[in-house]
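Welcome! Open your viewer, and let us walk through a few stops together.

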Amino acid sequence: MEGNPQPDLDPNRDDLPLRANTNHMLVRHYVLDLAVHFQRKVIGGSIVFFLDPVKSERGSISSTPVQDVSKSSSSKNDAKSPIMPCPNKLITTKYPSDLSEGTDINNVTWDDDSDDFTLVLDCCDLVVSRVEEVDVTTVSNLKDLDKQGFYANADHPSYCLVRRLVSMPSASWRRQQDLYLQCSRSPAFLHEKPLRFHMDQWSLQIRKEGVLSPHAFPCALRIWYETKPTGGSVRWTKDQDGRCCVYTMGSPINNRALFPCQEPPVAMSTWQARVRAPCDYTVLMSGENQAFPEPAETGVLQWDYYVTMPMPASTFTIAVGQWLEAGVKASNSEVVKTEEPDVPSVSLDNSQSGPADQHLRSYISEQKGFSSLGMASPHIVFLSQSVLKGERNLCGARLCHEIAHSWFGLAIGAQDWTEEWISEGFATYLEDMLWAQVQQLGCEEAEEQKQLKALLRWRRLSDELQNSEEELQVLRTNKENTGEVSESGASVVKHALNPGKPFMQVHYVKVRKLTFPTDVWRLLRLEVSSLSLFLSQGYFLLKFLADQVGEENFLLFFKSFVRKFHGRLILSQDFLQMLLDTFSAVSSRGITLETIFSDWLDTPEMPKWLTDASSEWSQTPAVEEVREEVGKWIHFSGSCRKGTKRKRAGPKVNFKELNPEQLVLLLEFLLEEPKLSLSCLRHLHTAYDLQARDAEVRHRWCELVVKHKYTAAYRDVEQFLIHDQAMGVYLYGELMVQEDARQQALARCCLSIIKDDMDQSARSVVEEMIL
């Protein structure tokens, strides 16, 4: 059994505990039956778990494999027909009122020293009312799996039947899903008391009296529960028209406040879900099928989704709102199953296919309070409204980034969540490749664009490494212990709980102690765009490796790597060792697994290769062109301050048109200038029509406005803070740092307008800065 529960942790300061005992028991499948209640801001109903013991009573490893049903050989015609629930009576979403005495945790003392086996699930901010064992022996179709009649003679017939169910061949995925659904609707065992359970801050612990081992523990459980309005996994808010909506938001605690689950990445499972919502709402989920609503009761529609490829519970996504559908590109309503996994190419050529092809329908709803620029889940991508305005560059590049997560982050994931670079670094590297192909750039243009993007990322990373705690700069925080867990399978994810909050506080406190304005603004120019700064070093590691073996060879290696590890979880050494084995000649240059760890993943220092490469990126024709324009603007500013007769009109200067990345770099260079005239700022705004540009450009423009107290453009700052909340957090610090009364009043006014719609973590950070 589990030992004494860990002490409660401060979610604003500590690491994230993964409490599930996945070395004892694994969830193979979830069946959720939920209803969305907008008036109460809760989601409630039941979830059924199909469990498989990992270790037998003798300690041997279970032989039941995790089935990757993405390799199904079912026919194309079969795959087209959606799984429709059997017309069995629906399980009510009202909570049982007949709780047996002795099962409510408020009435029973939980014995931490009990010898009974304890199933531990990751859970927080849920109200659990009942846990019961499901009698799967009542499903007649399930008995057909046991042709030899083993279950009838077994001491645990339910265990035998569920083992047969979870072990069904991948070719029978449709029948397997249907049987899961039938089992989930089975009643609890007659004359059996509900199972005992106990909750602490981070887990739900379940026992059956007298059961001492995972092998004898119930293998099908139903949990009745309800979320809390303040739960951290979903966000209740309003769209741009004031209509209610709710969605999973990529929370640091993942989905444990949406349903009890096993959070460790090794807990790969399939799932299916029925969700009921008011009839004027659309339910979107990360399912493989395109769901079509059916009447459930008066004024309510039900939506059914499923996933047949085992994935971590953290990838489960839901969004319920009055979404507007836009741009249906394909008539096929469902992903076609093939015998082999669909291994995507690193090409967006029409002749290639991959996970991106599965995103068949898109829905639009502006969400000002969305906490990031984008988030990818299986078969569904969230994009912030900040990427939709202005030129297509930011939106296109961001979409390429999220599509790249179909390979790295979803099809292949990190075995240890502290190695996020495996997801973000790879997605950022591929983002540049994919976006260049979408733009149909020639080789020279594509290379110039990639170098300019690399320079911008290096500048942000360089600032970050100089002004943040060293512990937060290491990509492999657990170093040689990466991937290790406790005997039960429990572990912690370092710095996972709201990592942006201490990150912001560190910078804000340091800023208040600085003297020189140039240092202040250099320090506050934080990462606000397309990837986490600390993970950008993973992107640079991949650029380093590509430089060693050649970009074309590197991309071909990517394909081989994806084919080998598709559907699996990896550690850094899995990728690196395969690369070193493939390109063995690099060892003669001193490139080994140990040197890569020491130079790139286990140290906060800037690798020498990156410093040298950044010098080259700084001398490209595109950058030189920007430097020329910067010189013109500096001269223009100086001329306007001399009090000449042409002061109002300013000198006549021909400024070149710049692409979006060049414009961002131009504004960053100008931010380093201690003084720019107000006339210069006014002409800068007009020359480049800055307010119509994308959010990356507008953010730098707002920084210039705040730094130089250009009051005529305070309206631009206000609009950015209100409508670009995913990127606006840092501007609050900039408004407060100079202790200018008007700027501070602007910050407080904007917060008062949007605080009820803000992401909770962002709101907490801003309130600590300005209140």
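The tour goes from a loop to a helix and then to a helix pair.

This is a predicted model, in which local features need pLDDT of at least 70, side-chain atom pairs count only at pLDDT 80 or more, and totals for chains, interfaces and linings use all residues. Residues are numbered from 1 along each chain as its sequence is written, and side-chain values use heavy atoms, with hydrogens and water left out.

**Stop one: a loop.** Select Thr 315, in the loop between β14 (300-311) and β15 (318-321); helices (H or I, at least four residues) and strands (E, at least two) are DSSP runs numbered from the N terminus. Thr 315 has 10% relative accessibility, so it counts as buried (under 20% relative accessible area; exposed is over 50%, partly exposed in between; 1.4 Å probe, protein chains only). Leaving aside residues up to four places away in sequence, Thr 315 touches Asn 255, Ser 286, Ser 377, Pro 378 and Leu 410 (contact means heavy atoms within 4.5 Å).

Now select α6, residues 392-404. Why is α6 described as largely enclosed by the rest of the structure? Because eleven of its 13 residues are buried, among them Leu 394, Cys 400 and Ile 403. Show its surroundings too: the buried residues of α6 pack against elements including β18 (374-377), α7 (421-438) and α8 (443-466).

**Stop three: a pair.** Finally, select α7 and α8. The contact between them includes Trp 435 of α7 and Arg 457 of α8. Its residues comprise four nonpolar, two polar and five charged (Ala, Val, Leu, Ile, Met, Phe, Trp, Tyr, Cys and Pro count as nonpolar, Asp, Glu, Lys and Arg as charged, the others, Gly among them, as polar).

Terms used: The expected span of a helix is 1.5 Å times one less than its number of residues.
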